[in-house]
Amino acid sequence: MSEVRCLNCLKRFTVHSQVKEASCPHCKTKYRISWPTPNQAKVRGLA
Amino acid sequence: MWNRKIAIVDLSAKTVTAKPIPREIRKKYLGGRGLNMYLLYNHLQPNVDPLGPENLLLVGSGLLAGIPCLGSGRCDIAAKSPLTGAVGDSNIGGFFAPELRLAGYDHVAITGKADSPSYLLLKDGAIEIKDASHLWGKDTFDTQEALRRDEHDEKLVSLVIGVAGENLVRYANVRTGMKNAAGRTGMGCVMGSKNLKAIAARGTTPIEFADPDNLLRYCREMNEMITSTRWAKAQSRWGTMIIYSNTNTTGLIRTRNFQLNRLVDGEDLEPENIDRYSIGTSGCFGCAVHCRHRYVLKEGPYAPLYGEGPEYTSLGAFGTMLDCRKMETILVANHLVNKYGLDTLETGGLIAWAMELYEKGLINEESTDGLQLKWGNEDVVFDLIRKIAYREGFGDTLADGFKPAIAKVGTDSEYYAIHVKGMSNLHSDERPTPSFALGIATSTRGADHLRSRPAIDMYGLPENMLKEIYGGSVATDYSSYDGKSRMVWWQERLYAVTDALGVCKFQTVFCAVHAPKWREFSTLINLATGMTITEDELMRVGERIYTLERLFNLREGFSRQDDSLPDRYFTEPTPIGLPVAKGKKIDREKFDAMLTEYYDLHGWNLQGVPKSETLKDLNLSKEPSKLF
Amino acid sequence: MQRILVVDPERCTGCRLCEAACSLFKEKKCAPEHARVQVTKWENQGIYIPIVCQQCETPICEVVCPMHAIKRDSNTNAIVIDENTCVGCRLCAQFCPIGGISIDENASRLIKCDLCSGDPVCVEFCQPEALKHIEPLKLGTMKKRTAAEKYSEYLRKTLDTH
């Protein structure tokens with residue numbers, strides 16, 4: 001589990017471990033996700 | 001550290017003297033950029049030719065050089081800029097600053113011009129001006145290797161220029177190691193104008209600190225503080241390129257010069273793709289973050305090639321701005337500019353401008369000596385980089401920077417030139433972010449993010465947290481203009497102090513909120529030097545440094561008019577991006593109001609001239625004063 | 001439990017925090033030349049190798065010392081020089097095959113890692129963990145795991161498991 005900040009609405013949301021895609025539950029923007037460390041996610045780009 | 005001196009070198013007269021650095025000057029300016037600005041403002045005659053022998057080249061290690069934390073190996077290089085005519089100042093990491101200090105010196109002031117190619121050697125107190133004829137024409141990597149060989153010392157550390165500096169390209173940089181560069185404002189050009197190929201240092205004189213045991217303990221705390229931030233963890237993994245993930249996704253990145261704000265189909269430039277080429281990361285002196293990759297190209301026409309980086313800036317300079325979409329293009333271009341000693345941002349910015357002029361028909365193959373300056377044409381990019389460094393054909397036009405190039409190509413071309421005060425902006429698109437836009441406009445060295453960028457503005461932090469950091473009200477929304485002048489003012493002072501201490505900007509409040517800042521810096525100064533400088537006093541040191549730079553620029557004829565943005569920021573809305581960044585442009589009236597507010601915070605009048613009470617308050621009323 | 005100081009050059013970033021921290025702790029100064037651990041670099045190829053005394057099982061320094069001034073500290077497992085017995089012949093530094101003992105610039109002092117009484121400062125400062133102070137068995141396990149990871153990637157691909 002980790003959090004990322006949505007780049008559109010700037011709210012943080014939870015992503016599950018090692019997922020490769022996730023959508024912001026607030027504004028629905030869909031991202032590709034990557035993991036700089038096993039416990040920390042970041043946005044990679046738009047899905 | 002108190003016995004470290006300033007070396008004063010006159011290359012024309014071939015004389016060298018050394019002077020102590022008085023404590024009261026240390027307390028006012030610390031070291032690095034701060035002390036360099038004191039020296040520059042007070043010892044350079046106004047309105048000199050930046051390429052004349054009278055220009056003063058200053059090299060200074062930060063006050064904290066040598067402590068085991070926060071990347072304390074940073075060195076500051078200053079002179080009057082041959083690119084802009086304003087303050088020339090550029091900060092460089094790597095290993096030079098601690099080595100200079102171990103050699104017995106904290107600052108080197110160089111004036112005059114050597115009658116033939118020379119290098120300066122500082123070794124355990126001794127200083128020699130030595131012949132560099134055999135090094136002239138060598139690239140930046142070979143020059144360093146040759147110096148280590150010539151001096152029979154594998155631990156020799158050098159600041160060098162490449163052929164770009166020799167050929168007086170006005171944005172030639174100064175380099176050390178494989179990757180580190182004092183990139184901006186053409187300090188390598190100043191070295192070239194002095195026939196100075198390199199400054200080499202080597203020393204074994206230990207650096208003493210006031211309270212070594214507590215310093216060691218505190219440094220460890222500092223390293224933990226920075227490496228526990230989310231920002232540093234990601235940066236340790238993929239370097240500054242991680243910014244691309246946010247900016248390109250959002251739509252904050254200049255593409256095709258200034259036509260788009262996101263590189264569509266730009267997946268290959270994502271930082272994660274450096275893993276294909278990386279053999280590991282590399283760090284500057286005293287750095288626990290290690291943000292650059294060591295990369296190898298094993299295949300293709302440029303292989304085999306070993307390089308370090310690339311930085312986020314190169315992804316823009318040779319990627320998005322030129323519409324080149326392959327990571328390999330970036331790796332090769334990064335290697336080439338490093339080898340020749342060219343500033344990546346200026347080079348990419350000028351090529352992007354030329355490509356747009358070519359597209360718009362303002363230049364054609366006749367003016368570019370046959371080069372087809374089409375978007376994404378990587379071979380032309382590589383060729384043009386070389387031509388700039390050697391001042392060949394169209395490369396010669398671009399080698400003088402924006403203002404002379406516009407004069408040569410024609411005034412119609414000015415609209416497409418994305419520069420402030422004659423210096424190219426990096427590839428970020430500041431139209432959706434007024435705080436960033438103000439920062440590049442007010443930057444004393446021309447368009448640049450490293451003077452003030454409040455990157456944490458992007459995080460939508462709660463107002464109470466912003467108030468606590470910035471000491472006043474700042475809007476959460478990054479597209480707002482409210483309180484953003486305060487942010488820029490605060491960051492300008494913080495970065496001035498960071499550069500004076502010689503620690504890394506990425507290890508203070510730049511991209512990470514919970515990073516060391518005033519209080520931690522104050523503690524480090526006390527433990528390392530014994531000086532007591534409170535947080536408030538430290539902010540005043542930042543103000544003093546920034547105000548002195550302002551005074552320098554005013555003396556050189558700059559004014560409020562120069563604290564502005566290219567017209568396109570005000571006229572063209574961003575065409576694409578996430579809803580938060582799309583359709584944005586800078587509002588001229590709000591921008592002006594923000595600028596006035598910003599002057600007021602600094603204690604400068606409506607024209608941006610420091611008020612007499614401000615100068616008095618900063619103990620600047622008696623400047624110029626002399627150290628030598 | 002006995003621990004050993006292990007160097008993993010593949011993880012070294014060349015930042016020299018180890019040198020700065022070691023000398024600050026042992027010498028109370030920043031004196032990389034006096035640091036017990038030092039990073040040797042091939043900068044133009046991006047190769048960095050920290051070199052530090054390996055506290056050998058059969059220490060050549062101990063063997064060649066005519067004064068029997070070099071002994072193992074049973075608490076830390078470090079090979080230490082007894083300054084009161086040492087006559088400064090420097091044979092130890094000359095015979096050590098890995099440069100584990102340095103001589104200072106005045107040729108008056110031997111400089112050697114003593115594992116900081118059991119908690120090496122360099123290890124505390126080495127963020128990428130190129131320097132580790134670990135139980136001997138762990139080294140083998142660690143190396144085996146690194147090698148096995150490569151095979152596991154291959155297996156995951158061929159067996160299509162996750």
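Guide: A salt bridge is a side-chain nitrogen of Lys or Arg within 4 Å of a carboxyl oxygen of Asp or Glu. Between chain B and chain A the count is four salt bridges. The model is predicted, so local features need pLDDT of at least 70 and side-chain atom pairs pLDDT 80 or more, while totals for chains, interfaces and linings use all residues. Residues are numbered from 1 along each chain as written, chains are lettered from A and ligands numbered from 1 in the order written, and side-chain values use heavy atoms, without hydrogens and water.

Visitor: Why is the meeting of Glu270(B) and Arg32(A) called a salt bridge?

Guide: The N to O distance between their side chains is 2.7 Å. That is within 4 Å, so the pair qualifies. Side chains of opposite charge can pair when their charged atoms come close.

Visitor: How many residues of chain B and chain A are in contact?

Guide: 23 residues of chain B are in contact (heavy atoms within 4.5 Å) with 22 residues of chain A.

Visitor: What secondary structure does chain A have?

Guide: Chain A has zero helices and five strands; helices (H or I, at least four residues) and strands (E, at least two) are DSSP runs, numbered from the N terminus. The order in chain A is therefore written β-β-β-β-β. Its C-alpha atoms fill a box of roughly 25 × 15 × 15 Å along the principal axes.

Visitor: How much space lies in the second largest pocket?

Guide: About 1,500 Å³. A pocket is an open set of points on a 1 Å grid over the protein atoms alone, where a 1.4 Å probe fits, with protein on both sides within 12 Å along at least five of seven lines; lining residues have an atom within 4 Å of a point.

Visitor: Which residues of the lining lie nearest the centre of the second largest pocket?

Guide: Of the 33 lining residues, Glu10(C), Arg11(C), Pro128(C), Thr146(C) and Glu149(C) lie nearest the centre. Helix H5 (136-159) of chain C is one of the elements that supply at least two residues of the lining. H5(C) gives the most, with ten residues. Strand E4 (30-37) of chain A is also among the elements supplying at least two.

Technical notes: Points joined across faces, edges and corners; volume = space filled by probe spheres on them.
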